Amino acid sequence: LGLQLPAIRDSAVRVASRGRTQYFALHGKTGHLVTAERIDREQLCENVQQCVLRCELIVEGEMKFYEIEVEITDINDNAPSFREAEKELRVSEMTAPGWRFPLREAQDADSGRNSLQSYELSGDEHFSLAVQAGPGGDQRPELVLAKALDREEAAFHELVLRAIDGGDPARTGTARIRVTVLDANDNAPVFSQAEYTVRVPEDVPVGSTLVSLTAADADEGLNGQVKYSLKAITEKASNIFHLDVESGMITLEKSLDFEEGDYYELEVQARDGGGLYNIAKVAITVTDVNDNAPEISVRSAINSILEDASSGTVVALLHVQDRDSGANGEVRCSLDSGYFTVEVKESQDGSKFAELVLRHSLDRESEQNLHLVLTALDGGDPSRTGTAQLWINVTDANDNPPVFAQDRYCVSLREDAPPGWTILNVSASDADAGNNAHITYSFGEMPSEVLQKFIVEAESGKITLKEPLDFEDMRSYTLLVEARDGGGLVSHCKVEVE
């Protein structure tokens, strides 16, 4: 950022993260950006190719912030793994060579070359391995019957499926496959639909039925009895949805959150008692409801402001966000203050910042403490609001001169009054505070013959006689008294002495 180290020491500089966890900090002596928490790329950026963490460097003294993006690169710290370490296949001996049996894919939380790259199969001559490319570029292993089965020759076949990633060194995961050879079963279950599409709001209650799948089998007895199972599902989705094995009903097991996931894709397998199966796809789209209120966080703010601060002075920098989407996430800001206005700005990643700006001059003498309430209102129906509060002290500027209790004083004095005699106490007040309200008294420009006769005390304003008076020499005196405050403002009054 080109910040010099003296500037860092002289100004309050800190790092603020966008999320709830502070992953980075600023090293106070070197100015280096350092990690503050352990970073797990797979936990932070599930299914994201480029993992970027964002934070801001805030220079409070200058009311500036700088956006920082840190890309988290992957290492091969996860081995491929199968959800089922052991799988059993039941295959009819009448199955023709070339028949394919989809196998559950291995999962690897790493990305790029470190993710799953290939499969290997070891077993016997009756089976081989084929790998198909899925619509998202994923590899889908299939067990291929290479040679006709003969139950009388072998009732079981033991195979090992190995998943290999591209790390250096490579990591592997294995699953054991046991193939049981069955008598003939010539009808597989058939789903009523090849693909089921479901749209559901995120606030649907737990326990609700989202969709019921049905598959029919023309066979009788055990070969016609259909059971359902989840063939392909992510770890996250497996904690949210439940499939009833007997009925094919998919219900909600955990509350949905649009902000955590808006689309889930499941593959459901219907298998009959003879080992034949069919697969249907279930696409579940989660729609947003306005369940998040706008959040306002104060990134930087001043505690006090001079009453003569100029218009346009920025007093606070705030981050405004709403985790909802669409109109539910559109936020408008307002401020209940006649002195300040709020200006909303958008950063490069779409998040919003608000600046609290002084609109017109302040007056400490009428209001010393300001309580500001910033309100953020989203576009939902009904809408939700979020607030942030700021307390700002208005500090004094020397904008009030001293004011005498009287512009003109008249005093009568006997000529035989002795030196030291108190003639009068003048008094002035000042509406300012602190040193700006501290008043000292003195005489203004007057003839020397007048100045040598009288004394004024600087702190009290008491005027006393310095030398004896002579009525025959001078019958009256006009004294010009000056009151000066600590900021240099001056006022005058006259004292007529007869």
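The largest nonpolar core of this predicted model has 28 residues. A nonpolar core here is a set of buried Ala, Val, Leu, Ile, Met, Phe, Trp, Tyr and Cys residues joined through side-chain atoms within 4.5 Å. Buried means under 20% relative accessible area, exposed over 50%, and partly exposed in between (1.4 Å probe, protein chains only). Within this core, F191, F241, I250, L256, V282 and I284 have the most contacts. Two or more residues each come from β14 (195-201), β15 (209-212), β17 (226-232), β18 (241-243), β19 (249-252), β20 (263-272) and β21 (277-287). Strands (E, at least two residues) and helices (H or I, at least four) are DSSP runs, numbered from the N terminus. L256 touches V200, P201, E202, V204, I240, F241, Y264 and V286, with residues up to four places away in sequence not counted. Contact means heavy atoms within 4.5 Å. A second, separate core holds 26 residues, including L413, A417, F443 and F454.

The model is predicted: local features need pLDDT of at least 70, side-chain atom pairs count only at pLDDT 80 or more, and totals for chains, interfaces and linings use all residues. Residues are numbered from 1 along each chain as its sequence is written, and side-chain values use heavy atoms, with hydrogens and water left out.

The domain assignment divides the chain into domain 1 (13-71), domain 2 (86-182), domain 3 (190-287), domain 4 (295-395) and domain 5 (403-497). These bounds come from an automatic or database domain assignment. An unreviewed UniProt entry lists "domain: Cadherin" at residues 23-82, 83-191, 192-296, 304-404 and 405-487. UniProt positions are given in the numbering used here, feature names are shortened, and annotations may be inferred rather than shown by experiment. Over residues 23-82, the chain is 7% helix and 40% strand. The end C-alpha atoms of that stretch are 32 Å apart.

Domain 2 and domain 3 have C-alpha centres 24 Å apart. In their interface, 10 residues of domain 2 are in contact with 9 residues of domain 3. The size of an interface is often given as the accessible area lost when the parts come together. Between domain 2 and domain 3, the buried area is about 840 Å². Buried area is the accessible area (1.4 Å probe) that two parts lose on being put together, summed over both. Carbon and sulfur atoms give 39% of the area. R90, P102 and R104 supply 51% of what domain 2 buries against domain 3, more than any other three residues.

E267 is found in strand β20. The residue is buried, at 18% relative accessible area. Its side chain forms a polar contact of 3.3 Å with the side chain of R140. A polar contact is a pair of N or O atoms within 3.5 Å; within protein, one must be able to donate a hydrogen and the other to accept it, and residues adjacent in sequence count only if both atoms are side-chain atoms. Beyond four places in sequence, E267 touches R140, S229, L230, K231, A232, I279 and A280.

T180 lies in strand β12 (residues 172-182). T180 counts as buried because its relative accessibility is 9%. The side chains of T180 and E88 are joined by a polar contact of 3.3 Å. Neighbours within four places in sequence aside, T180 is in contact with E88, L89, R90, V91, A155 and F156.

D77 sits in the loop between β5 (64-72) and β6 (86-92). With a relative accessible area of 37%, D77 is partly exposed. Its side chain makes a polar contact of 2.9 Å with the side chain of N78. Outside four places in sequence, D77 is in contact with E42, D110 and R171. D77 and V181 are 104 residues apart along the chain, and their C-alpha atoms are separated by 39 Å.

Q49 occupies the loop between α2 (41-44) and β4 (51-59). Q49 is exposed, with a relative accessible area of 68%. Q49 and A12 are 37 residues apart in sequence and 36 Å apart in space, C-alpha to C-alpha.

Most peptide bonds are trans. The bond from D168 to P169 is cis, with omega near 5 degrees. P169 is placed in the loop between β11 (156-165) and β12. The bond from D381 to P382 is also cis, with omega near 0 degrees. P382 is in the loop between β28 (369-378) and β29 (385-395).
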